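This report describes strands, helices, salt bridges and cavities, in that order. The sequence and the model come first.

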Amino acid sequence: MDSDKRENFAETLSAPSPGKSAPLNVLVVDDSAIVRQVLVSVLSEKRGFCVNVAADPLIAMDKMKKFPPHVILLDLEMPRMDGLTFLEKLMSRNPLPVVICSGLTGPRTEAAIRALEMGAVDIITKPKVGIRGFLEESAVLLEDTVRAAATARVRKFRRLRKDSPNAHSVDVVIPPSIQPASAQQREKIVAIGASTGGTEALLQIFEQMPEDCPGIVAVQHMPEGFTAAFAKRLNGICRIEVREAADGDKVVPGRAYIAPGNRQTLVHRLGSAYFLEVRDGPLVSRHRPSVNVLFRSVAQAAGSSAVGILMTGMGDDGADGLLEMKQADALTIAQDEASCVVFGMPREAILRGAVDEVLSLSCIPSAILRNRFTQKL
């Protein structure tokens, strides 16, 4: 990029924070006219968005001066400048919330995970077909992702998701238990839930886990296909083994399982061992996978032998499930506001009385290891 374009890039300004009734300004940067059309149609003014588009990053730089965005939806493969290069320049000079809009196949998934490491706050998948093929629940997830991104880093938690036909109760996947799991001797198990900002938070926790740590099952809100790439990336960095969860997997010490995107993941107990069930199902708490589904299953399977941790993310997925874990005598932890990218999910759990300890991200690993062999007092 020549010196004039570099100077123009540095002069782009962030949008002012939207008021309670003001629309969110969204800039879609994608070379596909069809994708731009779909995203503009879904993120309409009636949903509270004002959308502008750019066919490549160089056009985006000019539009950002006239149309300062609150959130950027960014493709990775574009002419004149690729998405990762644009993201790197943006984060180094004028950080803004960026959501990656990527395809599902090949190296694109790994590039999307790299984008998260560079500062993007979330990932959505590109619509495969036209507007009619963009399912209503996909529109719900897109809207929620953009609203969460708008609160990330610069602004803390500001609004809750409204009820929708897709906000199913966890009961549609796993019914409530009359009594918590029996108190027989069981292995320790750790259940973690996270959303916006969670990829970096999980990395920080997993990096500090020793090879004899309790088995870990984590829900990170992420689209189908990207969870496998995320698990692979963590596995190459951490001492413990990290893999995408598969139906029938046995939860063992020294291994962490990432719930697959677009599936619900549950934990069952057989004797003293835990096994994973990965199944289809509706959105629960507007998500699939849902933290509430995982937490309820762990409450029922492990009771006081479990540790539940709810981390950064917008909304309330996991808050009710963490309360069920607490009522089953599990140790429950919420990430504190200062170390969250978005404080929504931990905040809701705290308000429900579901949390035993509120800890900074840096203190959570020691809390997990502290409770390897002792139950909550």
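Strands β6 and β7 (residues 215-220) pair in the parallel sense over six bridges. Two strands count as paired if DSSP finds at least two bridges between them. Strands (E, at least two residues) and helices (H or I, at least four residues) are DSSP runs, numbered from the N terminus. This is a predicted model, in which local features need pLDDT of at least 70 and side-chain atom pairs count only at pLDDT 80 or more, while totals for chains, interfaces and linings use all residues. Residues are numbered from 1 along each chain as its sequence is written, and side-chain values use heavy atoms, with hydrogens and water left out.

**Strands**

Strand β6 covers residues 189-194, and six of its six residues are buried. Here buried means under 20% relative accessible area, exposed means over 50%, and partly exposed lies in between (1.4 Å probe, protein chains only). In a regular strand the side chains alternate between the two faces of the sheet. In β6 both faces are covered: one side has Ile 189, Ala 191 and Gly 193, the other has Val 190, Ile 192 and Ala 194, and all are buried.

An open sheet of three strands runs in the order β9-β12-β11, with antiparallel pairing. Its edge strands, β9 (250-251) and β11 (264-270), each pair on one side only. Strand β12 (residues 273-279) pairs with β11 in the antiparallel sense over seven bridges. Glu 277 in β12 is the bridge partner of Leu 266. The hairpin of β11 and β12 has two residues between the strands, and Gly 271 takes a positive phi near 65° there.

**Helix α4**

Helix α4 spans residues 83-93, and its buried residues are Gly 83, Phe 86, Leu 87, Lys 89, Leu 90 and Met 91. At the start of α4, a side-chain oxygen of Asp 82 comes within 3.0 Å of the backbone nitrogen of Leu 84. This is a polar contact, defined as a pair of N or O atoms within 3.5 Å; within protein, one must be able to donate a hydrogen and the other to accept it, and residues adjacent in sequence count only if both atoms are side-chain atoms.

**Salt bridges**

Side chains of opposite charge can pair when their charged atoms come close. The whole structure contains 18 salt bridges, each being a side-chain nitrogen of Lys or Arg within 4 Å of a carboxyl oxygen of Asp or Glu.

| Asp 62 | Lys 65 | 3.9 Å |

Asp 62 and Lys 65 are three residues apart in helix α3 (residues 57-66), so about one helical turn separates them. Asp 62 is partly exposed at 39% relative accessible area, and Lys 65 is partly exposed at 36%.

Arg 114 and Glu 117 both lie in helix α5 (residues 107-118), three residues apart, about one turn of the helix. Arg 114 is partly exposed at 42% relative accessible area, and Glu 117 is partly exposed at 32%.

Glu 348 is buried, at 8% relative accessibility, whereas Arg 352 is partly exposed, at 28%. Salt bridges that share partners join Asp 316, Asp 320, Arg 347, Glu 348 and Arg 352 into one network.

**Cavities**

How many cavities of 30 Å³ or more does the structure hold? There are two cavities of that volume. On a 1 Å grid over the protein atoms alone, a cavity is a set of points where a 1.4 Å probe fits but cannot get out, and lining residues have an atom within 4 Å of a point. Grid points are joined across faces, edges and corners, and the volume is the space filled by probe spheres set on the points.

The largest cavity has a volume of about 90 Å³. Its lining consists of Ile 113, Leu 116, Glu 117, Thr 199, Glu 200, Leu 203, Phe 230, Arg 233, Leu 234 and Ile 237. Helices α5, α7 (198-207) and α8 (226-235) are the elements that give two or more residues to this lining. The lining residues divide into six nonpolar, one polar and three charged. In this division Ala, Val, Leu, Ile, Met, Phe, Trp, Tyr, Cys and Pro count as nonpolar, Asp, Glu, Lys and Arg as charged, and the others, Gly among them, as polar.

The second largest cavity holds about 40 Å³ of space. Glu 187, Lys 188, Pro 214, Gly 215, Val 251, Val 252, Pro 253 and Tyr 274 line the second largest cavity, and these residues divide into five nonpolar, one polar and two charged.

Methods:
On a 1 Å grid over the protein atoms alone, a cavity is a set of points where a 1.4 Å probe fits but cannot get out, and a pocket is an open set with protein on both sides within 12 Å along at least five of seven lines; lining residues have an atom within 4 Å of a point.
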